[in-house]
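Open the model in a viewer and keep a selection panel at hand.

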Amino acid sequence: MLKRLGVDIDAGTLRLALTHRSFAYENGGIPTNERLEFLGDSILGFSVTDALYRDNPQLPEGELAKRRSAVVSTRALAGIARDLEIGEFIYLGQGERLTNGKNKSSILADTMEALIGATYLDCGIEVARALVMRLTGPLLQDAGVLGAGTDWKTNIQEIAASRRMGAVQYVVAGSGPDHARTFEAKLLIGGREHGNGGGNSKKEAEQEAAADAWKALAAKRRMGGPALNA
């Protein structure tokens, strides 16, 4: 996995970065990756903010904030983690393993942030920033995703109404114990499934599902379907 990340992290630090709270809870309360996640979140946010500021001198603050939110979202980080197959290496408790926790967006995104934090601890800030740029570079260049804004639910509502696709509905299911609750959402438009998302709250899961649906509809448009604002 370290070859995929392109960094050299100590084995102990790496294991900590991959230790989900569900595994720690079932193994006597050992340390979790949550402190590393907290650290990595800050490094991720700063690195992306710095890149957006330097590369887009004409953009106002509001647009920069919108683009940053799109790049550091749970959905975006989970997509990166899936591309790297990070889920196969995460230490999960039995309950999360049985509910396919290795593919849950919230768990994958949190683990990516923990890995960034671990890289900073063992390799320093410049290596950590370089890792962030490698991971998020394609997203920073994806004007379609960045331009969609951060209020994905509103975007989807407007698209569904303009296309007369039918009612928008979110079906949300929670899993895990109270201390480690996660949620998975399905977005239905006119009774048809268009997107999926996950998060640590119902709101976050719904936003991620809406973002997933937006990208699917955007891909359909590029293949000859109706425009998103049609």
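At what angle do helix α4 and helix α5 pack? Select residues 34–55 for helix α4 and residues 61–71 for helix α5: the angle is about 135 degrees, and the axes are 10 Å apart. Before going further, note that this is a predicted model, in which local features need pLDDT of at least 70 and side-chain atom pairs count only at pLDDT 80 or more, while totals for chains, interfaces and linings use all residues. Residues are numbered from 1 along each chain as its sequence is written, and side-chain values use heavy atoms, with hydrogens and water left out.

**Helices α4 and α5**

Axes here are lines fitted to C-alpha atoms, for helices over the stretch in contact, and angles run from 0 to 180 degrees between N-to-C directions. Helices (H or I, at least four residues) and strands (E, at least two) are DSSP runs, numbered from the N terminus. The pair α4 and α5 is therefore oblique; angles under 35 degrees count as roughly parallel, over 145 as roughly antiparallel, 65 to 115 as roughly perpendicular and the rest as oblique. The crossing of α4 past α5 is right-handed, meaning that the near helix is turned clockwise from the far one by less than a right angle, with anticlockwise giving left-handed.

Now show side chains at the contact (heavy atoms within 4.5 Å). From α4, pick G45, V48, T49, L52 and Y53; from α5, pick L64, R67, R68 and V71. Sorted by class, the contact of α4 with α5 has five nonpolar, two polar and two charged residues. Ala, Val, Leu, Ile, Met, Phe, Trp, Tyr, Cys and Pro count as nonpolar, Asp, Glu, Lys and Arg as charged, and the others, Gly among them, as polar.

**Helices α8 and α9**

Next select residues 105–123 (helix α8) and residues 125–140 (helix α9), whose axes come within 7 Å and cross at roughly 150 degrees. These two helices are therefore roughly antiparallel to each other. On the α8 side the contact has M112, I116, T119, Y120 and C123, and on the α9 side I125, V127, A128, L131, V132 and L135. The contact of α8 with α9 has ten nonpolar residues, one polar and no charged.

**Helices α6 and α9**

How far apart are the axes of α6 and α9? They are 11 Å apart, and the helices pack at an angle of about 120 degrees. The two are therefore oblique to each other, and α6 passes α9 in a right-handed crossing. Look for A76, I80 and L84 in α6, which meet L135, T136 and L139 in α9. Five residues of the contact of α6 with α9 are nonpolar, one is polar and none is charged.

**The nonpolar cores**

A nonpolar core is a set of buried Ala, Val, Leu, Ile, Met, Phe, Trp, Tyr and Cys residues joined through side-chain atoms within 4.5 Å. Buried means under 20% relative accessible area, exposed over 50%, partly exposed in between (1.4 Å probe, protein chains only).

Select L5, I86, M112 and L115: these have the most contacts inside the largest nonpolar core, which has 38 residues. The elements giving two or more residues to this core are α2 (11–17), α4, α5, α6 (74–84), α8 and α9. Its largest share, eight residues, comes from α8. Centre on I86, which touches M1, A81, T111, M112 and L115, not counting residues up to four places away in sequence. Then move to a second, separate core of 19 residues, which includes W152, I156, A160 and A209.

**Two loop residues with positive phi**

Most residues other than glycine have a negative phi. Go to N100, in the loop between α7 (94–98) and α8: this residue is not a glycine, yet has a positive phi of about 60 degrees. N100 is partly exposed, with a relative accessible area of 38%.

Then select R164, in the loop between α11 (152–163) and β1 (168–175). R164 is not a glycine either, and has a positive phi of about 55 degrees. Is R164 buried or exposed? Its relative accessible area is 76%, so R164 is exposed.

In strand β1, pick V171, which is partly exposed at a relative accessible area of 39%. V171 touches E184, A185, K186 and L188, not counting residues up to four places away in sequence.

Finish at R192 in strand β3 (residues 192–199). R192 counts as exposed, at 60% relative accessibility. Draw a C-alpha to C-alpha distance from R192 to V168: the two are 9.4 Å apart in space and 24 residues apart in sequence.
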